[in-house]
Amino acid sequence: MPSDSPRAVVALTPTGQPAPTQSFYEAVGGEATFERLTSAFYAQVADDPIMRPMYPEADLAPAARRLKMFLEQYWGGPHTYSEERGHPRLRMRHAPFTIGERERDAWLRCMRHAMDEVALAPEYDKVMWEYMERAADFMRNA
């Protein structure tokens with residue numbers, strides 16, 4: 001997956017002047033936002049007949065934590081994911097699961113619902129959603 005993470009965004013002050021540079025992670029609300037996003041996503045996964053079987057753990061909390069750490073790192077937050085788990089190797093970690101168009105679409109449906117629940121500002125939602133679509137396509141292996 002291309003590493004084109006938007007590490008920093010330029011925000012404007014109320015007077016239209018450039019504000020100090022901050023990461024996308026900070027601009028969207030930091031840890032609280034990514035906690036809400038992953039919680040909302042896994043609430044959808046728990047009831048989804050396509051997605052739920054792809055998570056062998058009875059408790060989805062560990063998977064939610066891994067996704068949260070990954071997304072935080074990708075968007076310019078803490079590097080906890082790499083510190084705990086090493087390089088993301090997303091395709092390798094997902095290789096045991098058949099991920100075709102149906103699974104990709106189910107993942108995107110759950111993620112879109114979660115993103116709608118979090119309700120980022122439109123400019124941030126657009127950037128994040130484009131990434132989610134690319135990531136979902138990248139994970140396809142069937």
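Student: Is Lys68 buried or exposed?
Tutor: In this predicted model, Lys68 is buried, with a relative accessible area of 10%. The cut-off for buried is under 20%.

Student: Which helix holds Lys68, and what is Lys68 in contact with?
Tutor: Lys68 is part of helix α3. Apart from neighbours within four places in sequence, Lys68 contacts Glu31, Phe34, Glu35 and Thr38.

Student: How many residues of α3 are buried?
Tutor: The count is 10 of 14, so α3 is largely enclosed by the rest of the structure. The buried residues are Ala63, Ala64, Leu67, Lys68, Met69, Phe70, Leu71, Glu72, Gln73 and Tyr74.

Student: What span should α3 have, and what span does the model give?
Tutor: Helix α3 covers residues 61-74, and at 1.5 Å a residue its 14 residues should span 20 Å. The end C-alpha atoms are 20 Å apart, which agrees.

Student: What follows α3?
Tutor: Gly76 follows, and its phi is positive, near 100 degrees.

Student: Turning to packing, at what angle do α3 and α7 meet?
Tutor: The angle is about 120 degrees, and the axes lie 13 Å apart. The two helices are therefore oblique to each other. The crossing of α3 with α7 is right-handed.

Student: Which residues make that contact?
Tutor: From α3, Phe70, Leu71 and Tyr74 meet Tyr131, Met132 and Arg134 of α7. By class, this contact has 5 nonpolar, no polar and 1 charged residues.

Student: Now α2: which of its residues are buried?
Tutor: They are Gly30, Thr33, Phe34, Leu37, Thr38, Ala40, Phe41, Tyr42 and Val45. The buried residues of α2 pack against α1, α3, α6 and α7.

Student: What end-to-end distance does α2 have?
Tutor: From its first C-alpha to its last, α2 reaches 27 Å, close to the 26 Å expected for its 18 residues at 1.5 Å a residue.

Student: What is the relative accessible area of Phe41?
Tutor: Phe41, which sits in helix α2, has a relative accessible area of 0% and is buried.

Student: What surrounds Phe41, leaving aside neighbours within four places in sequence?
Tutor: With those neighbours left aside, Phe41 is in contact with Met51, Tyr55, Leu67, Trp107, Cys110, Met111 and Ala114.

Student: What does Glu103 touch, beyond neighbours within four places in sequence?
Tutor: Beyond those neighbours, Glu103 is in contact with Ile50, Met51, Met54 and Thr98. Met51 is also among the contacts of Phe41.

Student: What is the reach of α6, and what comes just after α6?
Tutor: With 18 residues, α6 reaches 25 Å from its first C-alpha to its last, close to the 26 Å expected at 1.5 Å a residue. Just after α6, Ala119 takes a positive phi of about 55 degrees.

Conventions:
Residues numbered from 1 in each chain as written. Predicted model: local features only at pLDDT ≥ 70, side-chain atom pairs only at ≥ 80, totals over all residues. Heavy atoms only, no water. Helix = DSSP H or I, 4+ residues; strand = E, 2+ residues; numbered from the N terminus. Expected span 1.5 Å × (residues − 1). Buried < 20%, exposed > 50% of the residue type's maximum accessible area, 1.4 Å probe, protein only. Contact = heavy atoms within 4.5 Å. Axes fitted to C-alpha atoms, helices over the stretch in contact; angles between N-to-C directions. Parallel < 35°, antiparallel > 145°, perpendicular 65-115°, else oblique. Left-handed = near helix turned anticlockwise from the far one by under 90°. Nonpolar A, V, L, I, M, F, W, Y, C, P; charged D, E, K, R; others polar.
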